Amino acid sequence: MNETVSFGYEDIAPDEKTARVGGVFTSVAGSYDLMNDAMSAGMHRLWKDRFVRRVKPRAGETILDMAGGTGDIAFRMAPSGAAITVADINGAMLEVGIERAAKRGIDGLVWTEANAESLQFPDRFFDAYTIAFGIRNVTDIPAALREAHRVLKRGGRFFCLEFSTTLWPGFADVYDAYSHRLVPRLGQLLAKDADSYRYLIESIRRFPDMATFEAMIGEAGFVQTAVEPMLGGLVAIHSGWKI
């Protein structure tokens, strides 16, 4: 692992990033879903719907939804009858998810604190591993990908939904201006926290492009890797299989 890692536009020590990211999500947990709606004009709901359609959860399967604290992906997969474990490094995010599940009458989900870089689950345990808008906040991304590969059964599938870099001319400039200028203001208005949302936008800018991240998934041991861009790559669904 490198001596320094990115925290937004800063380069800091790995241990410091883990602590500071934890602080960000503890700060925004209560307003996270409201801000997702505001920042994406509600489009994150459509992206997540499409993501779960690609995962194709089925009854009898075991699925790990990593960094899934507020439950958005797990709630969409729950009607399938799959046994879903929602894992997140941040307890505050999990508390929000558990409360939301109770209000919706969704039971049967397993909620647990876990670090994506060093999972407590045994080898070859899950049929599928999902992570939505979480991998870019992990301190050691290659380690997290290796752990995803380790806990999947042979024939298991990996799906990741994450922001990337749009390739549409013109749109990239518009989005860049919007995200850097308006999102922190929205964060201050709706969550009373501009700095955390400034970090979230900067973390997107520092995340590898689609081709680079697909290669990283392959280096972790996955095969038949694929990437499905949306909005020209502003958001992308990455996938791979363990054989």
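Which strands and which helix do the buried residues of H6 pack against?

View 1. The buried residues of H6 pack against strand E3 (62–66), strand E6 (126–132), strand E7 (152–163) and H10. Buried means under 20% relative accessible area with a 1.4 Å probe, protein chains only. Helices (H or I, at least four residues) and strands (E, at least two) are DSSP runs, numbered from the N terminus. H6 is mostly covered, with 8 of its 11 residues buried. Among them are Glu147 and His149.

**View 2. Packing of H6 on H10.** H6 (residues 141–151) meets H10 (residues 210–219) at an angle of about 50°. Their axes lie 9 Å apart. Axes are lines fitted to C-alpha atoms over the stretch in contact, and angles run from 0 to 180 degrees between N-to-C directions.

**View 3. Residues at the contact of H6 with H10.** H6 contributes Ile141, Pro142 and Leu145. H10 contributes Phe213, Met216 and Ile217. Contact means heavy atoms within 4.5 Å. By class, there are 6 nonpolar, no polar and no charged residues. Nonpolar covers Ala, Val, Leu, Ile, Met, Phe, Trp, Tyr, Cys and Pro; charged covers Asp, Glu, Lys and Arg; polar covers the others, Gly among them.

**Notes.** Residues are numbered from 1 along each chain as its sequence is written, and side-chain values use heavy atoms, without hydrogens or water. In this predicted model, local features need pLDDT of at least 70 and side-chain atom pairs count only at pLDDT 80 or more, while totals for chains, interfaces and linings use all residues.

Technical notes
Buried means under 20% relative accessible area, exposed over 50%, partly exposed in between (1.4 Å probe, protein chains only).
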